[in-house]
Amino acid sequence: MQSEEDAPDLHHRFLDKRSPLPLHGSWAGWLWDRGIDNGEIVPLQSVGISAYRCSPRAEELREDLSDAVASGRLTLPREEASDG
C-alpha cells in the first residue's frame, strides 16, 4: 500500500511515461507542487486511500520546466565520480 508521501514520486513516473521531456527524478517534489498549485492535480473523494486526477497540460509544463531550469530552481544533481 502506498502512502500520500509517495504521491510526488508516483506523479513523476506518471508524467515521465507520457512526456517527451526529460524529467529527472529529483524534480518529483517540484512537479507535484506545480501540479497542485495550477490545478493539474486534483484530490478525489475516496475512502481509505488517497486518489488524484492528474491532467497535465504539456505546453505549460514545458514552459514551466524551461523557466525553472533557466532560473536555477531545478538542477541536475552532480554525478559522483567513480574511482574505478
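A residue is counted as buried when its relative accessible area is under 20%, and glutamate 40, with a relative accessible area of 3%, is therefore buried in this predicted model.

Side chains of opposite charge can pair when their charged atoms come close. A search of the whole structure finds 5 salt bridges, and glutamate 40 takes part in one with arginine 34, in which nitrogen and oxygen lie 2.8 Å apart. Arginine 34, like glutamate 40, is buried. The side chain of glutamate 40 also meets that of arginine 57 in a salt bridge, with an N to O distance of 3.8 Å. Because glutamate 40 lies in the loop between helix H2 (28-37) and strand S1 (41-44), while arginine 57 lies in the loop between strand S2 (51-54) and helix H3 (58-71), this pair ties together parts that are 17 residues apart in sequence.

Arginine 57 is partly exposed, at a relative accessible area of 33%, and forms a salt bridge with glutamate 60 as well, the closest N and O atoms being 3.1 Å apart. Glutamate 60 likewise counts as partly exposed, with 34% relative accessibility. Salt bridges link Arg34, Glu40, Arg57, Glu60 and Asp64 in a network.

In soluble globular proteins, nonpolar side chains tend to be buried together. The largest nonpolar core in the model has 9 residues, namely Leu15, Leu23, Trp27, Trp30, Leu31, Leu61, Leu65, Ala68 and Leu74. At least two residues of this core come from each of H2 and H3, and H3 gives the most, with 3 residues. For alanine 68, when neighbours within four places in sequence are left aside, the contacts are with Trp30, Arg73 and Leu74.

Two packed helices are described by the angle between their axes and the distance between the axes. For H2 and H3, the angle is about 130° and the axes are 12 Å apart, and the two helices are therefore oblique to each other. The crossing in which H2 passes H3 is right-handed. Where these helices meet, H2 contributes Trp30, Leu31 and Arg34, and H3 contributes Glu60, Leu61, Asp64, Leu65 and Ala68. Among these residues, Trp30, Leu31, Leu61, Leu65 and Ala68 belong to the largest nonpolar core, whereas Arg34, Glu60 and Asp64 belong to the network of salt bridges.

Key. Residues are numbered from 1 along each chain as its sequence is written. This is a predicted model: local features need pLDDT of at least 70, side-chain atom pairs count only at pLDDT 80 or more; totals for chains, interfaces and linings use all residues. Side-chain values use heavy atoms; hydrogens and water are left out. A salt bridge is a side-chain nitrogen of Lys or Arg within 4 Å of a carboxyl oxygen of Asp or Glu. Buried means under 20% relative accessible area, exposed over 50%, partly exposed in between (1.4 Å probe, protein chains only). Helices (H or I, at least four residues) and strands (E, at least two) are DSSP runs, numbered from the N terminus. A nonpolar core is a set of buried Ala, Val, Leu, Ile, Met, Phe, Trp, Tyr and Cys residues joined through side-chain atoms within 4.5 Å. Contact means heavy atoms within 4.5 Å. Axes are lines fitted to C-alpha atoms, for helices over the stretch in contact, and angles run from 0 to 180 degrees between N-to-C directions. Angles under 35 degrees count as roughly parallel, over 145 as roughly antiparallel, 65 to 115 as roughly perpendicular and the rest as oblique. A crossing is left-handed if the near helix is turned anticlockwise from the far one by less than a right angle, and right-handed if clockwise.
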